[in-house]
Amino acid sequence: MQITPTNMNDYLNYKFTDSVSSVSTFDELPLWSASFGLFLLKYLELKSGRTLLDIGSGAGFPLLELAGRLGPSTKCYGIDTWINANDRARQKANNYGLNNVEIIDGSAEKLPFDNTSIDLIVSNLGINNFSNPDTVFRECLRVLKPGGKLAITTNLNGHWREFYRVYEETLAQISRPDLALKLKVHEEHRGSVGSLSAMFIANGFTIARHFTDSFSMRFLDGTAFLNHYFVKLGWLESWKEMIPAELQVSFFDKLEQNLNDFALADNGLSLTVPMAYIEGQKTVA
Ligand SMILES: C[S@@+](CC[C@H](N)C(=O)[O-])C[C@H]1O[C@@H](n2cnc3c(N)ncnc32)[C@H](O)[C@@H]1O
């Protein structure tokens, strides 16, 4: 792929068009993505004249925000396997008047870039979603220039621990504590700073910096939580999969009730989300 520079004063030609299409892309991103993206934006080094790649850029975040914050001296690429999300991201880039952005339909497992052509790669909440994260890490190492960086943000093991303890208690109530092993695997899938750093190192990176933080997501109760659109979209399926089909209705009835009892005793359902920013570097040989 040919990396082309952006025209620096294109902003003089920008005109906001008041149309359904324009207004529809002034929407906000999910608060879930935003929490991690703000963490990324807090620590990421902003330097001029570089080439940036966002892997797993979804509907355009944080790609488009970075393209705006870095300005036209930075060429920004996004890549995602999710075609409809890429179309949405292109529509946003167009409506925002961003000329330094290109979005690629494709996989981070096979990046369409030459060796040593990219300065900085970011990924907000990508790592947990890649089927072959080691392949992605190796591709990132290949396309990064010597000294280039890969900065990721992700949720860590311990995420929503209050919810998962109630889930575990509910498994015991339906006399299926044997399913606790599935739950353990599901929870630990997220990894720790240690296990994620080890993955960077195993694939040829050194760790430049890492930061951790956490935030709380508050819900009125279990009923609100289980009905929240983003919970249904992002997690519900994986929680259902851990329970045999014939037990799902009774299990989720009990789970909802237990979460509601927990919320009543605890002044609402407050769930902890630990997060990490990890920056790996391709060290100069
Ligand atoms: C949790 S979403 C994060 C999206 C966005 N970065 C955000 O912060 O909202 C993970 C994204 O990774 C994408 N993804 C999964 N596997 C991928 C791959 N092999 N290559 C590129 N993107 C991938 C998904 O399609 C999805 O858009």
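Start by selecting R69: with 46% relative accessibility, R69 counts as partly exposed (between buried, under 20%, and exposed, over 50%; 1.4 Å probe, protein chains only). You're looking at a predicted model, where local features need pLDDT of at least 70 and side-chain atom pairs need 80 or more, while totals for chains, interfaces and linings use all residues. Residues count from 1 along each chain as its sequence is written, and side-chain values use heavy atoms, leaving out hydrogens and water.

**Stop 1: across the chain.** Select K75 and E102, another salt bridge, whose closest N and O atoms are 3.5 Å apart. This pair links distant parts of the chain: K75 sits in strand β2 (residues 75-80) and E102 in strand β3 (residues 101-105), 27 residues apart. Which state does each have, buried or partly exposed? K75 is buried, with a relative accessible area of 8%, whereas E102 is partly exposed at 29%.

**Stop 2: more bridges.** Pick D178 and R176, whose side chains form a salt bridge at 3.0 Å, N to O. D178 is partly exposed at 49%, and R176 is partly exposed at 27%. Then highlight E45, K149, R209 and E279 together: salt bridges link them in a network. Across the whole structure, a search finds 14 salt bridges.

**Stop 3: helix α7.** Jump to residues 180-188, helix α7, and color L183, H186 and E187, which are buried. Now color L181 and V185: these exposed residues are on the face of α7 turned away from its buried side.

**Stop 4: the ligand.** Zoom in on S33, where a polar side-chain atom lies 2.7 Å from a ligand oxygen (a polar contact pairs N or O atoms within 3.5 Å). At G56, a polar backbone atom is 2.8 Å from a ligand nitrogen. At N124, a side-chain N or O atom is 2.9 Å from a ligand oxygen.

How values were computed
Polar contact = N/O pair within 3.5 Å; in protein donor to acceptor, adjacent residues only side chain to side chain. Helix = DSSP H or I, 4+ residues; strand = E, 2+ residues; numbered from the N terminus. Salt bridge = Lys/Arg side-chain N within 4 Å of Asp/Glu carboxyl O.
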